[in-house]
Amino acid sequence: MTMTLSVAADGVGASARRPDAMSKVRGDFAYSSDLWHDEMVWGATVRSPHPHARVVSVDAAAALALPGVHAVLTAADVPGVNRYGLEKRDQPVLAEDVVRYAGEPVAVVAADTPELARRAAGLVRVEYAELPALTDPERALESPALHEGGNLVRHLRIRRGTHAEADVVVTGEYEVGMQDQAFLGPESCLAVPSEEGVDLYCSTQWLHVDQDQLADCLALPKEHVRLTLSGVGGAFGGREDLSVQAHACLLALRLGRPVKMSYGREESFAGHVHRHPARMRYEHGATRDGRLLYVKADILLDGGAYASTSAAVTGNAGCFATGPYEVPAVEVDCRAVYTNNPPAGAMRGFGAVQVCFGHESQMDKLAAALGMDPVELRLRNAVSTGSVMATGQRVEGPAPVAELLRRVAGKPVPPPAGDDPRLLPGGTSNSTRAGQLVRGVGYGLSVKNICKSAGYDDYGTARVRLFAHEGEAVAEVHTAAAEVGQGLVTVQAQIARTELEVGRVTILPADTAVGDAGTSSASRQTWMSGGAVRAACLAVRARLLERAAVLLGAENLVYGDGAVTAPSGRSITLAELLAMGDVDETAVFRHRATEALDPETGQGDAHVAYAFAAHRAVVDVDPELGSVRVVEIACAQDVGKAINPVAVEGQMHGGIAQGLGLAVMEEIRLRDGRILNPSFTDYLIPTTMDMPPTVLDILELPRPDSPYGLTGVGEPPLLSAPAAIAAAVRDAVGAAAGAALNRIPMTPEAVATAVLDRRQGRAPA
């Protein structure tokens with residue numbers, strides 16, 4: 001049987017409107033913080049004020065004496081295993097004998113109102129015996145262990161090739177601060193007890209992995225812990241780990257009534273992981289004509305108090321430490337360590353962001369040492385299809401790195417700023433004059449893996465049902481894939497419209513009643529869950545063709561235009577075929593197999609695919625005040641196939657915004673392990689006034705091994721944006737990538753110091 005394919009309206013390749021767009025614009029979209037049950041009570045968390053201490057005693061008497069307070073639970077009340085974690089079950093649901101970071105949960109309270117719950121939490125008296133806090137990741141390698149087995153979470157070694165003697169050698173030390181995901185919707189959920197267990201409605205990035213961990217903590221069979229995705233107000237990696245879920249379920253099961261928990265902003269900063277701070281030491285050796293001979297890198301990631309995804313982030317940071325360049329010899333050591341700082345984990349870019357700042361700073365430093373244009377140096381060393389990466393893996397798919405760079409480098413540079421203060425570094429404070437500005441241009445190239453790696457059994461599951469309603473074929477799609485704002489619901493509908501050629505598609509709420517879809521991270525969901533939806537649709541088509549073959553008594557049927565047609569011209573409509581009964585198919589989609597890296601050499605075919613991006617940043621700097629205005633950012637990216645072009649553009653705009661934030665303003669500031677700025681008043685993120693015009697180039701070079709030839713698009717727009725902005729700032733003030741400007745975010749103090757150093761002859765080498 002043959003099947004023809006025509007693109008339906010709002011199908012694959014169209015800029016289909018998001019079904020949730022209007023409700024979000026109007027403000028009536030139902031987020032998890034809007035959950036409600038008439039019989040519910042409210043939960044609140046008691047958190048440690050100390051980064052490291054023994055828990056001597058917990059006295060809940062004063063809290064329980066308040067009218068309307070129903071329960072105070074501690075570690076002794078956890079019925080199952082008091083441990084959870086994505087990669088290693090090392091984090092307690094509620095601290096038992098020791099707290100390891102400031103903000104760690106020690107007890108949970110349930111009361112009639114959120115105000116009463118918070119008041120009761122404040123009355124729970126916890127006696128602590130403070131212990132020395134280990135907050136320096138360098139010291140962690142030699143300090144007493146915070147966990148059994150030592151403070152080293154993972155050490156990835158990558159060794160390839162023999163180091164040749166170089167004509168030019170540059171070294172550098174670089175740092176990246178702790179960035180927050182800064183999603184607008186704080187953590188929240190509603191737990192409802194059932195006859196067999198609990199139903200949890202929550203915002204998360206991975207329903208099934210939450211289910212697995214919760215079942216163990218609650219001592220319930222997995223099928224008795226049912227999760228349904230609620231409206232997610234942003235994620236960016238910060239919702240991969242459990243937060244409120246276990247606490248709400250514990251209270252609901254104890255009380256036998258629904259429990260809602262919802263964090264405020266300050267508690268949210270304590271309640272989720274953040275981007276790993278990084279310290280990096282690099283050495284690059286090259287020939288006089290700019291050919292890289294070797295790269296050495298030593299990378300240290302501060303994993304904070306618990307493992308979360310530190311092992312995987314270490315893998316990414318190590319694998320991509322040399323960037324998208326041909327490097328004959330590589331020596332990389334990447335470590336993540338435990339400290340008493342807040343836990344670090346997944347955030348958009350997942351290790352590749354930190355090392356991109358390092359390797360791109362080195363490329364600029366090398367270009368300066370060679371007296372070469374930084375664009376030309378990158379072009380001479382850029383990988384292409386067939387190139388071998390640091391891990392020995394060959395790039396099999398498209399690798400248009402040079403083309404991406406040429407595209408951003410070829411854009412015209414914006415004209416100088418006028419007198420409008422909104423376009424000057426000082427903004428409307430009127431602290432800057434256009435005549436005193438210095439302009440800089442910088443570039444960044446980046447690479448990252450798509451989907452899960454290193455032998456992980458990565459798959460997506462989808463169920464598609466086709467049925468007739470009022471004489472019309474309707475498709476129903478059911479997955480557990482988390483829509484976290486990236487537009488996945490829209491993509492699933494587009495695929496169903498295209499493959500089944502129907503106009504009406506319903507996307508059921510994501511829940512654990514259907515098979516695992518994996519995590520909404522690693523730029524994987526359109527590839528994996530989209531692939532599963534497509535496979536299920538094709539199975540539905542095949543079933544319909546089988547039915548039609550019997551009814552029409554013919555072979556070589558054609559599916560299209562709402563009917564199945566025989567070579568004779570006889571046809572039968574989809575509605576007529578569906579009158580015989582619904583067609584319901586479930587499919588599991590897997591990408592090609594990968595393998596773990598060799599533990600000694602870091603070599604192996606570990607990654608499914610690579611994604612590449614290029615950025616050019618133009619900045620204006622006030623050299624006296626050190627303030628920076630990003631004037632324009634150009635980004636070029638290969639997306640394989642733009643399933644929804646306008647959504648791709650949205651991903652690029654969002655990634656660039658987060659990259660700008662990391663480059664010049666966003667950092668969680670710590671003192672002795674405590675967060676000093678847990679609010680959007682003091683933790684600054686880019687506003688619409690901070691965002692410059694963006695110039696986007698979207699390449700569509702289809703891959704041979706993915707649905708529709710697509711490549712994941714969520715992370716690449718962020719990866720090299722901070723590096724490009726940092727390079728532009730250095731270019732503006734004439735500073736090398738040295739001691740004064742070797743760290744992001746680049747604060748006004750750092751920029752002004754770099755300018756002063758140069759003027760007084762103290763510019764770093």
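Student: Which strand and which helix each supply at least two residues of the lining of the second largest pocket?
Tutor: This is a predicted model. In it, the second largest pocket holds about 630 Å³ of space. At least two lining residues come from each of two elements, strand 25 (628–638) and helix 15 (645–664).

Student: Where does the largest share of that lining come from?
Tutor: The second largest pocket is lined by 29 residues. Nearest its centre lie Val628, Val664, Met665, Leu684 and Asp690. The largest share is three residues, and its source is strand 25.

Student: Which residues lie closest to the centre of the largest cavity?
Tutor: The lining of the largest cavity has 17 residues. Those closest to its centre are Tyr84, Gln91, Tyr101, Leu242 and Gly271.

Student: On to charges. How many salt bridges are there?
Tutor: The rule needs a side-chain nitrogen of Lys or Arg within 4 Å of a carboxyl oxygen of Asp or Glu. Aspartate 212 and lysine 222 meet it, at 3.4 Å from N to O. By this rule the count is 41.

Student: How many residues apart are aspartate 212 and lysine 222?
Tutor: Aspartate 212 sits in helix 5 (residues 207–218). Lysine 222 sits in the loop between helix 5 and strand 11 (225–229). Aspartate 212 has a relative accessible area of 30%, so it is partly exposed.

Student: How far apart are the closest N and O atoms of arginine 439 and aspartate 620?
Tutor: These two residues form a salt bridge. Its closest N and O atoms are separated by 2.9 Å.

Student: Which strands does that pair link?
Tutor: The partners are 181 residues apart, so the bridge links distant parts of the chain. Arginine 439 and aspartate 620 lie, in that order, in strand 16 (residues 438–450) and strand 24 (residues 609–621).

Student: Is aspartate 620 buried or exposed?
Tutor: Buried means under 20% relative accessible area. Arginine 439 has 26%, so it counts as partly exposed. Aspartate 620 has 3%, so it is buried.

Student: What about arginine 703, buried or exposed?
Tutor: Arginine 703 forms a salt bridge with aspartate 705, with the closest N and O atoms 3.0 Å apart. Aspartate 705 has a relative accessible area of 31% and is partly exposed. Arginine 703 has 8%, so it counts as buried.

Student: Which residues do salt bridges that share partners join into one network?
Tutor: Shared partners put several bridges together. The network consists of Asp136, Glu138, Glu173, Arg279 and Arg281.

Student: Which ring lies under the charged end of arginine 541?
Tutor: Lysine 24 has its charged end over the ring of phenylalanine 29, 4.8 Å from its centre. For arginine 541, the distance to the ring centre is 4.1 Å, and the ring belongs to tyrosine 559.

Student: How many residues has the largest nonpolar core?
Tutor: Its residues with the most contacts inside the core are Met280, Tyr282, Ile299, Phe612, Val619, Ile725 and Leu741. Tyr282 also forms an aromatic cluster with Tyr174 and Phe357. Another core, of 45 residues, lies apart and has Tyr559 among its members. The largest core has 97 residues.

Key
Residues numbered from 1 in each chain as written. Predicted model: local features only at pLDDT ≥ 70, side-chain atom pairs only at ≥ 80, totals over all residues. Heavy atoms only, no water. Helix = DSSP H or I, 4+ residues; strand = E, 2+ residues; numbered from the N terminus. Buried < 20%, exposed > 50% of the residue type's maximum accessible area, 1.4 Å probe, protein only. Phe/Tyr/Trp six-rings, centres within 6.5 Å; stacked < 30°, edge-to-face > 60°. Lys NZ or Arg CZ within 6 Å of the ring centre and 35° of its normal. Core = buried A, V, L, I, M, F, W, Y, C linked by side-chain atoms within 4.5 Å. 1 Å grid on protein atoms, 1.4 Å probe; cavity = no way out; pocket = protein on both sides within 12 Å on 5 of 7 lines; lining within 4 Å. Points joined across faces, edges and corners; volume = space filled by probe spheres on them.
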